[in-house]
Amino acid sequence: MVTTTLEQRLERARELHRAGYNCAQCVLMVFDDVHGLQAVDAARVTAAFGGGFGGQRQLCGAVSGMGAMLGLMRYTGPEVKKVTYDHATVLADRYKALNGSIVCGDLLQSRRKPCMGLIEDAVTILHKEFCDE
């Protein structure tokens with residue numbers, strides 16, 4: 001049973017971001033009670049996903065973190081690839097509805113929200129998806 005509240009996850013994400021972790025790391029690391037990875041392993045897995053994948057300003061790191069979480073939670077093998085892709089699209093669409101894009105460069109250029117606001121959106125989406133079930 002998950003006992004971590006959304007607000008606790010958001011506060012931890014803020015702390016991680018202040019400590020220098022990238023957006024994907026902040027998203028995945030706050031769900032350690034759900035996915036079971038140690039913090040260091042979650043950080044290592046998502047280390048290259050920040051800044052729009054390696055600083056290229058492509059897919060937003062927060063969205064990449066959501067994808068990593070989805071894989072950890074729902075992927076069981078090649079037979080569920082299509083279902084996993086479909087679920088990833090649903091999560092990305094929720095994020096895009098809040099922010100107008102899933103592309104890091106577009107999000108930064110629009111200046112609608114700082115990265116921390118984008119991280120908070122991703123954490124909230126995942127919390128509702130995997131912790132409010």
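In this structure, a polar atom of the Thr84 side chain lies 2.8 Å from the backbone oxygen of Val80, a polar contact (a pair of N or O atoms within 3.5 Å; within protein, one must be able to donate a hydrogen and the other to accept it, and residues adjacent in sequence count only if both atoms are side-chain atoms). Please keep in mind that this is a predicted model, in which local features need pLDDT of at least 70 and side-chain atom pairs count only at pLDDT 80 or more, while totals for chains, interfaces and linings use all residues. Residues are numbered from 1 along each chain as its sequence is written, and side-chain values use heavy atoms, with hydrogens and water left out.

**Overall fold**

- The chain has nine helices and zero strands; these are DSSP runs numbered from the N terminus, with helices being H or I of at least four residues and strands E of at least two.
- With a radius of gyration of 14 Å, close to the 14 Å from the globule rule for 133 residues, the chain is as compact as a globular protein of that length; the radius is taken over C-alpha atoms, and the rule is 2.2 Å times the number of residues to the power 0.38.
- Along the principal axes, the C-alpha atoms fill a box of roughly 35 × 30 × 25 Å.

**Burial and contacts across the chain**

- Of the 133 residues, 41% are buried, meaning under 20% relative accessible area (1.4 Å probe, protein chains only).
- Among contacts in the chain with a separation of 6 or more, 64% are between residues 24 or more positions apart; a contact means heavy atoms within 4.5 Å.

**Around Thr84**

- You will find Thr84 in helix H7, which covers residues 81–99.
- Thr84 counts as buried because its relative accessibility is 14%.
- Not counting residues up to four places away in sequence, Thr84 touches Leu70 and Tyr75.

**Around Gln25**

- Gln25 belongs to helix H2, residues 23–29.
- Its relative accessible area is 9%, so Gln25 is buried.
- Leaving aside neighbours within four places in sequence, Gln25 is in contact with Ala43, Thr46 and Ala47.
- Gly77 is 52 residues from Gln25 along the chain, and the C-alpha atoms of the two are separated by 24 Å.

How values were computed. Buried < 20%, exposed > 50% of the residue type's maximum accessible area, 1.4 Å probe, protein only.
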